[in-house]
Amino acid sequence: MLEHSLSSCGRAALLAAVTLLLALEPHAADARIKQTNLSVAAGARVTGVNGSAATGRCLLLVTSVRTKALGHCTIEGGAPLTSIRLLVDGFDTPVLVTPVSDSGPVTFVIDPLPAVVVRALSAGALRFEAHTSAGLEARGTVAKATNSVQLFVQLRAAEAVPPGSTNAAGLCIVTIAFAPPFLGVDCVHDLPDPQSLTLHRGFAQETGDVSLDLSAALGGRNPAAWEPLETELLFEIAADGTYLRMEGAGGGDVIRGQVDGCRTTNTTACIFGRFTVEAIGQSNDASVPTVPARVETLSAPFDSLVGDANVAAQTQTVLFSLTADNDHSLLVEMIDGCNLRQGIILNAVGTDFESYRYIVTFGDLFFGTLDSLLTHATAPVNRRASILLPCLIQTSQ
């Protein structure tokens, strides 16, 4: 449903999307934005306990800089609720207790976000509880969303109509979660004194009406919003027909970015805002089905040493696995060595090449080309320059 084609302008915007964070000059208090990762969407299906008829769902968005989380709970049936709580297994004190005075929905923000929440989410040790005046009414375990898509949106003055005059820039990770549809907007920017953040209908170089006003999220360098998403707007986002706009106090202080580009899904990873990576697991036993592997992005781009020259290049890693326990897993590493005249370097390391092999496909959204790797026990893969993923023309450093 979310397939797309990119204009040359859109492709150019993708190239710098993820690395934009390294170009921003944050204040000392906001230096942590250089270590951003990805937004994390998660949810819990809440069901009644002790015979309660309460049912519902709580959805959580953990921001990319891991400083806060935004939540939204809808619980119906059962006795009237007095509070919703977020707890970590093994701890008696809740991370969050938010009062409930009506039927909801209930929204909340956890800021600052304890690091234990992020660790508990990955370990399946995080849960929501709904309480009444008599005690526990319903609960559910929080798990990362497996049906979400992420888009990387670069905001620049040149994209505004008419173009802005500011040198400020921004990067927003737009998360679309399904069942029920939700929209997460998680940004980092250096626009002075921002006054509004809005999502508009409209294609590139067009102007359109405001679909969502997210200005309440502004404050600091990392605004984030987590909103229910109407089906009509979902389809417009899928068709690249929406854009984000941030406006400051000055006349030319406006930056904008089209919500399109590199999409990260349950089985496809986006690297450097330019490359898509998908792996198909194939057992050496012909009777076992060939299936796409689930993927997890392990890190934001980081600098790693390459070769013997004691120089560093941007690197990102993703983990593919065929089971929830990461059995038959494959670690794929991509290194952008173009500035070092070493090209795009690929590396794949697996845990069970004797039983499983992988066909790994790399798509280049900038040039529209493909490359692939085949891994198995008799052909281990070491670092190699990619075949069909070319470097852009490099400027002098």
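**Terms and their grounds**

Author: The model is predicted. The largest pocket is lined by 33 residues, and those nearest its centre are Lys-144, Ala-145, Val-295, Glu-296 and Thr-297. Its volume is about 960 Å³.

Reader: What makes up the lining of the largest pocket by class?

Author: The lining has 13 nonpolar, 16 polar and 4 charged residues. Gly counts among the polar residues in this classification.

Reader: Why is Glu-333 called buried?

Author: The relative accessible area of Glu-333 is 13%, and buried means under 20%. Glu-333 therefore counts as buried. This residue is placed in strand E25 (residues 330-337).

Reader: Which residues is Glu-333 in contact with, leaving aside its neighbours within four places in sequence?

Author: Glu-333 is in contact with Thr-315, Gln-316, Thr-317, Ile-345, Leu-346, Asn-347 and Arg-383. Contact here means heavy atoms within 4.5 Å.

Reader: Why does Asn-50 count as exposed?

Author: Exposed means over 50% relative accessible area. Asn-50 has 77% relative accessibility, so this residue counts as exposed. Asn-50 lies in the loop between strand E1 (40-48) and strand E2 (55-62).

Reader: What is the phi of Asn-50?

Author: Phi of Asn-50 is near 55 degrees, which is a positive value in a residue other than glycine. Asp-193 also has a positive phi, near 50 degrees, and is likewise not a glycine. Asp-193 lies in the loop between strand E12 (182-189) and strand E13 (194-201).

Reader: What makes a set of residues a nonpolar core?

Author: The residues must be buried, belong to the listed nonpolar types, and be joined through side-chain atoms within 4.5 Å. The largest such core has 30 residues, among which Leu-60, Leu-126, Phe-128 and Val-142 touch the most other members. Two or more residues come from each of E1, E2, strand E3 (69-76), strand E4 (83-88), E6, H3 and strand E7 (126-132). E1 gives the most, with 4 residues. A second, separate core of 28 residues includes Leu-151, Leu-214, Ile-237 and Val-259.

Reader: Which residues does Val-142 touch, not counting residues up to four places away in sequence?

Author: Val-142 touches Ala-42, Gly-43, Ala-44, Leu-86, Leu-121, Gly-124, Leu-126, Arg-127 and Phe-128.

Reader: How many helices and strands does the chain have, and what share of its residues count as buried?

Author: The chain has 4 helices and 29 strands. Of its 397 residues, 51% count as buried. Among contacts between residues at least 6 apart in sequence, 59% join residues at least 24 apart. The accessible surface comes to about 18,000 Å², and 52% of that surface belongs to carbon and sulfur atoms.

Definitions and conventions
Residues numbered from 1 in each chain as written. Predicted model: local features only at pLDDT ≥ 70, side-chain atom pairs only at ≥ 80, totals over all residues. Heavy atoms only, no water. Buried < 20%, exposed > 50% of the residue type's maximum accessible area, 1.4 Å probe, protein only. 1 Å grid on protein atoms, 1.4 Å probe; cavity = no way out; pocket = protein on both sides within 12 Å on 5 of 7 lines; lining within 4 Å. Points joined across faces, edges and corners; volume = space filled by probe spheres on them. Areas by Shrake-Rupley, 256 points an atom, 1.4 Å probe, with all protein chains shown as cover.
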